[in-house]
Amino acid sequence: MSPSEPERPARADELPAVAPHLRELRRRASLTLEAAARAAGLSPAHLSRLETGRRQPSLPMLLALARIYGTTVSELLGETVADRDAVLRGADTEPTEAGGWTYRQAGSSGRAMQALRVHVAPGTQGDIVRVHPGEEWLYVLEGRLRLRLGDATHSLGPGDSAHFDSLTPHRLEADGRDGAELLFVHTLLQSPAVVPCLGPAAGHRTMGDPR
């Protein structure tokens, strides 16, 4: 399987800094467009659209690229909080939108885990199946979240949490008109032999398919 998501053109007011960071970090990793696209399970044309801001990356796409480039989602999003700083002030974090979800950094960069505060907008990314090495932990702050984990479906409300092996196929979607606010933590396992396997639910085409 390959990283996948339904394509959505970026609006003019979206992702002002993400696209340049994607290109910069790929070059810093000494990867050509073709090599990075192959590792991520994308076509070079699709990765080029992400790097030029003509398409929005979703969370699973950002996770895949972060692992390939040996960095964090926060750095891909252009966050500039000092490395290894133990304290992160809320006033120092800026929201960034990608794939219809809004992210705020919730932990220091350069660590073995990535922590984010995420607003899951209703009707976004619910058909994306995520499968990748590592572990995930999430905690619902506001709203309701539908978590499909393997063959089971769970409805989570404020105060509920989930901690699972992220090789278990999983999907996340807001369960309500106002979306859901959650804390999200995942491990940053990096292995050249294991590329994250991320795809849409049955019936949806993959990013790696011909367009």
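This is a short tour of the structure, stop by stop, with what to select at each one.

**Whole chain**

Start with everything shown as a cartoon. The model is predicted. The protein chain has 5 helices and 11 strands. Of its 211 residues, 49% are buried. Look at the contacts in the chain with a separation of 6 or more: 72% of them come from residues 24 or more positions apart.

**The six-stranded sheet**

Select β1, β2, β3, β10, β5 and β8. They form an open sheet of 6 strands, in the order β1-β2-β3-β10-β5-β8, with antiparallel pairing. Find the edges next. They are β1 (96–98) and β8 (161–165), and each pairs on one side only. Between neighbouring strands of this sheet the turn is 25° on average, direction ignored. In general, strands of a sheet pair through backbone hydrogen bonds, either parallel or antiparallel.

**Strand by strand**

Select β2, residues 101–105, together with β3. The two pair in the antiparallel sense over 4 bridges. Show Q105 here; L116 in β3 stands opposite.

Move on to β3 and β10. These strands run antiparallel, and 8 bridges join them. Pick Q114 and look across to H186 in β10, which stands opposite.

G143 faces A180 in β10, standing opposite.

Stay on β10 for a moment. How many of the 8 residues of β10 are buried? The count is 7, so the strand is largely enclosed by the rest of the structure.

**The helix across the sheet**

Select α4, residues 59–69. This helix lies across β1, β2, β3 and β10 (180–187). Line up your view along β10: α4 runs at about 20° to that strand.

**Helices α2 and α3**

Select residues 33–40 for α2 and 44–51 for α3. They pack at an angle of about 105°, with their axes 8 Å apart. Angles of 65 to 115 degrees count as roughly perpendicular, and α2 and α3 are therefore roughly perpendicular to each other. Show side chains for the contact. From α2, pick L33, E34, A36 and A37; from α3, pick P44, L47, S48 and E51. By class, this contact has 5 nonpolar, 1 polar and 2 charged residues.

Zoom in on E51, which lies in helix α3. Is E51 buried or exposed? Its relative accessibility is 5%, and buried means under 20%, so E51 counts as buried. Next, show R26. A polar contact of 2.6 Å joins the side chains of E51 and R26. Leaving out residues up to four places away in sequence, E51 touches A19, P20, L22, R23, R26, L33 and Y69.

**Two loop residues with positive phi**

Go to the loop between α1 (18–28) and α2, where you will find S30. S30 is not a glycine, yet it has a positive phi of about 60°. S30 is exposed, with a relative accessible area of 67%.

Then jump to the loop between β3 (113–120) and β4 (128–131), and select Q125. Q125 also is not a glycine and has a positive phi, of about 65°. Where S30 is exposed, Q125 counts as buried, at 8% relative accessibility.

Note on methods: Residues are numbered from 1 along each chain as its sequence is written. This is a predicted model: local features need pLDDT of at least 70, side-chain atom pairs count only at pLDDT 80 or more; totals for chains, interfaces and linings use all residues. Side-chain values use heavy atoms; hydrogens and water are left out. Axes are lines fitted to C-alpha atoms, for helices over the stretch in contact, and angles run from 0 to 180 degrees between N-to-C directions. Angles under 35 degrees count as roughly parallel, over 145 as roughly antiparallel, 65 to 115 as roughly perpendicular and the rest as oblique. Contact means heavy atoms within 4.5 Å. Ala, Val, Leu, Ile, Met, Phe, Trp, Tyr, Cys and Pro count as nonpolar, Asp, Glu, Lys and Arg as charged, and the others, Gly among them, as polar. Buried means under 20% relative accessible area, exposed over 50%, partly exposed in between (1.4 Å probe, protein chains only). A polar contact is a pair of N or O atoms within 3.5 Å; within protein, one must be able to donate a hydrogen and the other to accept it, and residues adjacent in sequence count only if both atoms are side-chain atoms. Two strands pair if DSSP finds at least two bridges between them.
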